[in-house]
Amino acid sequence: GGGASAGAAGRLVPAWAQLRAPPQHVSRLGQALVPYYRQILPTFNLLKGWNKSTGDAMDYSQKTRGNVGDLINETLEMMEMYGGPDAYINIKYMIPTYESCMVV
């Protein structure tokens, strides 16, 4: 199983690695992405729950950051933290299951 979706995951993970900018650039990157939320977030919504099903086996993708669902969640959290005051509401509108990472 997997086929095309497994191949897509193999291509997406390196792309997300490129989005993971050094900390000093995250703030500017987060704000620069805001105008593109309506293009980016629907895809994130589709793939957000896309985690490897390993059954009883051990998942070593955490070490290599190869789990697409986890990468999306981390990216959404970064977008919320650094996307400005309206980032959360925009993310929540496009991804209703998203829960804020910010402490109230």
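Each residue carries a pLDDT, which is the predictor's confidence in that residue on a scale from 0 to 100. You will want that score at hand, since this is a predicted model. Averaged over the chain, the pLDDT is 75, and 60% of the residues score at least 70.

Let us begin with helix H5, which covers residues 68-82. H5 is made of 15 residues, and the distance from its first C-alpha to its last is 21 Å. That is close to the 21 Å expected at 1.5 Å a residue. Several residues of H5 are buried, among them Val68, Leu71, Ile72, Leu76 and Met79. The buried set also includes Thr75 and Glu80.

Now follow the chain out of H5. Gly83 sits in the loop between H5 and H6. Is Gly83 buried or exposed? Its relative accessibility is 9%, so Gly83 counts as buried, the cut-off being under 20%. What does Gly83 touch, leaving aside its neighbours within four places in sequence? Its contacts are Gly30, Gln31, Val34, Tyr37 and Met78. Gly84, which follows H5, has a positive phi, near 95°.

Met81, Tyr82 and Met102 make a nonpolar patch of about 270 Å². Met102 is found in the segment after helix H6 (87-94). Because its relative accessibility is 42%, Met102 counts as partly exposed.

Finally, consider charge. Side chains of opposite charge can pair when their charged atoms come close. How many salt bridges does a search of the whole structure find? The search finds one. The partners are Glu99 and Lys92, and their closest N and O atoms are 3.8 Å apart. That distance qualifies because the cut-off for a salt bridge is within 4 Å. Glu99 is exposed, with a relative accessible area of 57%, whereas Lys92 counts as partly exposed at 26% relative accessibility.

Conventions
Residues are numbered from 1 along each chain as its sequence is written. This is a predicted model: local features need pLDDT of at least 70, side-chain atom pairs count only at pLDDT 80 or more; totals for chains, interfaces and linings use all residues. Side-chain values use heavy atoms; hydrogens and water are left out. Patches are made of residues with over 30% relative accessible area and no salt bridge: like charges are joined within 9 Å, nonpolar side chains (Val, Leu, Ile, Met, Phe, Trp, Tyr) within 5 Å. Accessible areas come from the Shrake-Rupley method with a 1.4 Å probe; for residues, only the protein chains shown count as cover. A salt bridge is a side-chain nitrogen of Lys or Arg within 4 Å of a carboxyl oxygen of Asp or Glu. Helices (H or I, at least four residues) and strands (E, at least two) are DSSP runs, numbered from the N terminus. Buried means under 20% relative accessible area, exposed over 50%, partly exposed in between (1.4 Å probe, protein chains only). Contact means heavy atoms within 4.5 Å. The expected span of a helix is 1.5 Å times one less than its number of residues.
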